[in-house]
Amino acid sequence: GESVGLHLPTLSVQEGDNSIINCAYSNSASDYFIWYKQESGKGPQFIIDIRSNMDKRQGQRVTVLLNKTVKHLSLQIAATQPGDSAVYFCAETITGFQKLVFGTGTRLLVSP
Amino acid sequence: ETGVTQTPRHLVMGMTNKKSLKCEQHLGHNAMYWYKQSAKKPLELMFVYNFKEQTENNSVPSRFSPECPNSSHLFLHLHTLQPEDSALYLCASSQATDGHNEQFFGPGTRLTVL
């Protein structure tokens, strides 16, 4: 029979809206987290990172929030644009270890 | 566009073929990685090389054979693959010693096994 593909949660927003993408991480020992963006036909691209000694970090139009109590990360994108349409992955690791553990990803669809 | 390049971008091969994927990084990094991205699973780490030495093999079948001749080049040799090996194979690099482990990815090779 046909294999079932990985079901990606999808967030659909209108251009100009703010987007919030969530991620639950698995290892309470993880102390470094990265958000990646993957556009169709491309490899993942680094967006923003955060260390566990912070609970918020801001970049250009993006903010990452970290809640270690519930092992939750979020990525906020302000004034979302059609070019933001992509799959977004969170990744966790422990400083000094090279193994990044990726989440399943969220597909962001931005309508003009 | 990116400091990590991969060739070929697309590859179709039969189960009895032997082929190789190539990755090159122009970032001066000393760690390189192979990942598999399929429709059925999240991004999976396959191999890690630090300073040309393999430091991680994530239980990858022997039909996948990596080679790292220097810190800038990484190959993945493929032989007697199965249709379920069809996936996007991504190469990444990082600075192994900085502790941050920010990895930079190439565009991937889309592999189809018939």
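Among contacts in chain B between residues at least 6 apart in sequence, 54% join residues at least 24 apart, a contact being defined by heavy atoms within 4.5 Å. The model is predicted, so local features need pLDDT of at least 70 and side-chain atom pairs count only at pLDDT 80 or more, whereas totals for chains, interfaces and linings use all residues. Residues are numbered from 1 along each chain as its sequence is written, chains are lettered from A and ligands numbered from 1 in the order in which they are written, and side-chain values use heavy atoms, with hydrogens and water left out.

Chain B contains zero helices and eleven strands, where helices (H or I, at least four residues) and strands (E, at least two) are DSSP runs numbered from the N terminus. The radius of gyration of chain B, 13 Å, is close to the 13 Å that the globule rule gives for 114 residues, so chain B is as compact as a globular protein of that length; the radius is taken over C-alpha atoms, and the rule is 2.2 Å times the number of residues to the power 0.38. Along the principal axes, the C-alpha atoms of chain B fill a box of roughly 40 × 30 × 25 Å.

The largest nonpolar core has 22 residues, of which W34(B), F64(B), L76(B) and L78(B) touch the most other members. Such a core is a set of buried Ala, Val, Leu, Ile, Met, Phe, Trp, Tyr and Cys residues joined through side-chain atoms within 4.5 Å. Strands of chain B that each supply at least two residues of this core include β4 (31-37), β7 (64-70) and β8 (73-79). Residues up to four places away in sequence not being counted, L78(B) touches L11(B), M13(B), L21(B), F64(B) and L111(B), among others.

Chain A comprises zero helices and ten strands. Buried residues account for 39% of the 112 residues of chain A. One residue examined in detail, S74(A), lies in strand β7 (residues 72-77) of chain A. S74(A) counts as buried because its relative accessibility is 5%. Beyond its neighbours within four places in sequence, S74(A) is in contact with residues including I20(A), W35(A) and V64(A).

Terms used
Buried < 20%, exposed > 50% of the residue type's maximum accessible area, 1.4 Å probe, protein only.
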